[in-house]
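Let's take a friendly walk through a protein fold, one part at a time. Keep the picture in view as you read.

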Amino acid sequence: MLAATAREAALQAVAQVAVESTSLVSYRSQGRLLIIGDADQALTLGAQLKKHALHCHVLAWGEGLDQAQADLPTVFIRRAQTVEIVGHLGQFTVTMRSEANDLNVAQAIGSDSDHFDLILDLDVPAHLQWDTLPLGYFAPRGNSVELDRALTELPEFTGEFEKATFFQYDADICAHGARGLKGCTRCLDSCPTGAITSLGNLVTIDPYTCQGGGSCATACPTGAIIYSFPRPADMLNRLRLLLNTYRDNGGQQPILLFHDAEAGAERLATVAETLPDNVIPIEVEEIGSVGMDLWLAALAHGASRVLLMSTAQVAPSVQQELCEQLSITRVLLEGMGYPTTALELLTADLDGQNVLAGLLTGTAMPAIKPAGFAGSNSKRDVLFYAIDWLAAQTECAQPVIPLPVQAPFGEIQVNRSACTLCMACVSVCPASALFDGGEEPKLEFLEAHCVQCGLCETACPEDAITRQTRFLFDQQQRRRRRVLHEEAAFHCVQCGKPFATSSMIEKMTAKLGGHWMFQDEQALNRLRMCGDCRVRDMFGEEIGGHQ
């Protein structure tokens, strides 16, 4: 009973805490519905939905049919054509593509707009294949239950609607690309809605298509994308207050059970009466928005276990990202000497009984002194605060441990015989993990900043860089610059000023020695001059040649 009382006090304390609000996006739908599918079914359903004040249009497969045979505004499409759909509730653009031309369906159908507000896609497979479909797009995929749900919900999607903007994006620390080179793609790979697209060096996120799956923020190695509903700092501060209040009221060994606000909440309700008193449910918008920074911070603040309740409604791409993040985090826990079962993903069945079973098995964290650090929106800072605190509480931590290849921690190694210190790697590093030596030919590395994005490896013209994922527990060593490669400077043969390295000049003269522009010794010797002397020498020769 003491634990139950402590849990109630903790939940009440957190409920009083305000969080920073996020911005909203607005949708407007006038009920312009496009039904795509077999002509007979599409026209029948169109006539049915028309009675619900929807403006129904049909794009139907039908060879040899014409618009005059339909009771609704209809365009017939041949199998030789393809249908392309882009957009969201209130703004769907549908295009029929063929070898002859492209046709905007709304214009061809005689609509008073060039777009549709809603789409009912009866085709199998559906024309959009994202794990999570856009708002206003219904694709039953031949499932009669899903079709009935669509027919019930479609009339409700008329009017004006608002939705939270679920993310914040900081382009300055994005590791997606640099100078035309491809780097990290984790947000693109994990997004279930297709809301994220590449702009080359950066990404863009469509707030109208995004539905808050959260896997992009969980996957992002730098924290360039953060979840903003709520923001990480608010979430962590609430968890810290919850755990402190629970302990202050006599509670022990708190287990945090994260679940989403829809299917997860429904599953939890079926077992709420039988939950152990030390299990504290934490409702979040989407389970994919809770990542390793929050998991480890919760353990550092004194949670005995952190459990994630997933359901069949969680998108496969989100589920996969959670599993990858779990694999990294468990290796970190094991490397510090903690039980890996302190962190688990439980997939709830319809009655939630397997969640109860998961709560009753597994080894909890040993009692540790709770951390005191406050919440922060800097993902890397929170990760290091939590890991360093946990590592300091145990004598089992190893100096360094290898991590899975997708981990955002590690070092780079440089083949010194190949590296010319051209600094191409420094120029593309998005995390300020690589530094030049200023006036000295030197390459330095700061491991705490490295996110293993691979841009340095891609940019190196000599293929001299390799990456190694690992975690270095020694804070001082991790936060100290170390020299990866250095050379004596090569001095200009004309003025004596240092301007390059010996290896760079050797490679350059070897590569260009056979070129027709460098056949005479004077031209070849210019490669050994600094920029100023090279220009003076070239102009001096030109002037001399005209005398």
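## A pair of facing residues

Ile35 stands opposite Leu120 in strand β8. Two strands count as paired if DSSP finds at least two bridges between them. Strands (E, at least two residues) and helices (H or I, at least four) are DSSP runs, numbered from the N terminus.

On to another partner of β8: two bridges join β8 to strand β9 (residues 137-138), again in parallel, with Ile119 opposite Tyr137. Strand β8 (residues 118-121) is covered on both faces: Leu118 and Leu120 on one side, and Ile119 and Asp121 on the other, are all buried. Buried means under 20% relative accessible area, with exposed over 50% and partly exposed in between (1.4 Å probe, protein chains only). In a regular strand the side chains alternate between the two faces of the sheet.

## How to read the model

This is a predicted model, in which local features need pLDDT of at least 70 and side-chain atom pairs count only at pLDDT 80 or more, while totals for chains, interfaces and linings use all residues. Residues are numbered from 1 along each chain as its sequence is written, and side-chain values use heavy atoms, leaving out hydrogens and water.

## The whole chain

The protein chain holds 18 helices and 28 strands. Its C-alpha trace spans about 95 × 75 × 35 Å along the principal axes. Of its 547 residues, 51% are buried.

## A parallel sheet and its helices

Which order do the strands take in the parallel open sheet of four? The order is β18-β17-β19-β20. Strands β18 (279-284) and β20 (343-347) stand at the edges with a single partner strand each, so one side of each has no neighbour in the sheet. From one strand to the next, the twist averages 25°. For such angles, axes are lines fitted to C-alpha atoms (for helices over the stretch in contact), and values run from 0 to 180 degrees between N-to-C directions.

Inside this sheet, six bridges join β17 (residues 255-260) to β18, and Phe258 stands opposite Ile282. Helix α7 (residues 232-248) lies across β17 and β18, at about 160° to β18. Helix α8 packs on the sheet too, touching β17, β18 and β19 (305-310), and its direction makes about 130° with that of β17.

## Nonpolar cores

A nonpolar core is a set of buried Ala, Val, Leu, Ile, Met, Phe, Trp, Tyr and Cys residues joined through side-chain atoms within 4.5 Å. The largest one has 59 residues, and Leu256 and Phe258 touch the most other members. Helix α9 (residues 292-300) supplies the largest share, eight residues. Apart from this core lies another of 24 residues, among them Ile35, Ala60, Phe138 and Leu147.

Leaving aside neighbours within four places in sequence, Phe258 has contacts (heavy atoms within 4.5 Å) that include Met235, Leu239, Ile282 and Leu294.

## An antiparallel sheet

Three strands form another open sheet, antiparallel, in the order β5-β6-β7. Here β5 (82-86) and β7 (102-104) are the edges, each with a single partner strand, so one side of each is left without a neighbour in the sheet. Five bridges join β5 to β6 (residues 93-97), and the bridge partner of Ile85 in β6 is Val94.
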